[in-house]
Amino acid sequence: RGSVRSLTSVLLRQALTLPEPERLAPSDACFSLRYLQEVPLRTQLAKHATLASGGVLEGQAGCCGGLLLPFFDASLANRVATLYAEDLLGAGATRILTASPTCKRRLRSVCTSVDDLFTLSCVKT
């Protein structure tokens, strides 16, 4: 029986082209931290990138307002995404690097300084 691995754990085994000299704020995929006990993105990226100080929600699998929330309450989803982006960028970051394509979409709806690991793994150097 095999173990469940997230896309993040697979992508981090590849060479990524990270935006430099940007100060990145890592944003974990909440499911991966909560249910797969994945190592936080900050820990996995520490040797590869310049990271800003952590935000309040980092490491707590903070919610970006994604998944089903926009369908139930779009206003609340936008408020959650805005507060989450402000928390991440408020720690001195210039860009958010998320492990979740859903969070990339939600955060980009309120903030333009967002990249995701999947996109960066597809960039050829």
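Which residue in β3 is the bridge partner of Thr98? The views below come from a predicted model.

**View 1. The β2-β3 pairing.** Asp116 in β3 is the bridge partner of Thr98. Strand β2 covers residues 95-98. It pairs with β3 in the parallel sense, over three bridges. Strands of a sheet pair through backbone hydrogen bonds, either parallel or antiparallel.

**View 2. The open sheet.** Three strands make up an open sheet, in the order β1-β2-β3. The pairing is parallel. β1 (24-27) and β3 (114-116) are the edge strands, and each pairs on one side only. On average, neighbouring strands of this sheet are turned by 25° against each other, direction ignored.

**View 3. Helix α6 on the sheet.** Helix α6 spans residues 101-108 and packs on the sheet. The helix touches β2 and β3. The direction of α6 makes about 170° with that of β3.

**View 4. Strand β1 and its partner.** β1 and β2 run parallel and are joined by four bridges. Ala25 has Ile96 in β2 as its bridge partner. Both faces of β1 are covered. Leu24 and Pro26 lie on one side, Ala25 and Ser27 on the other; all are buried.

**View 5. A nonpolar surface patch.** Leu67, Leu68, Phe71 and Phe72 form this patch on the surface. Together they have about 570 Å² of accessible area. Leu67 sits in the loop between α3 (41-45) and α4 (69-72). Leu67 counts as exposed because its relative accessible area is 61%, and exposed means over 50%.

Methods. Residues are numbered from 1 along each chain as its sequence is written. This is a predicted model: local features need pLDDT of at least 70, side-chain atom pairs count only at pLDDT 80 or more; totals for chains, interfaces and linings use all residues. Side-chain values use heavy atoms; hydrogens and water are left out. Patches are made of residues with over 30% relative accessible area and no salt bridge: like charges are joined within 9 Å, nonpolar side chains (Val, Leu, Ile, Met, Phe, Trp, Tyr) within 5 Å. Accessible areas come from the Shrake-Rupley method with a 1.4 Å probe; for residues, only the protein chains shown count as cover. A salt bridge is a side-chain nitrogen of Lys or Arg within 4 Å of a carboxyl oxygen of Asp or Glu. Helices (H or I, at least four residues) and strands (E, at least two) are DSSP runs, numbered from the N terminus. Buried means under 20% relative accessible area, exposed over 50%, partly exposed in between (1.4 Å probe, protein chains only). Two strands pair if DSSP finds at least two bridges between them. Axes are lines fitted to C-alpha atoms, for helices over the stretch in contact, and angles run from 0 to 180 degrees between N-to-C directions. Contact means heavy atoms within 4.5 Å.
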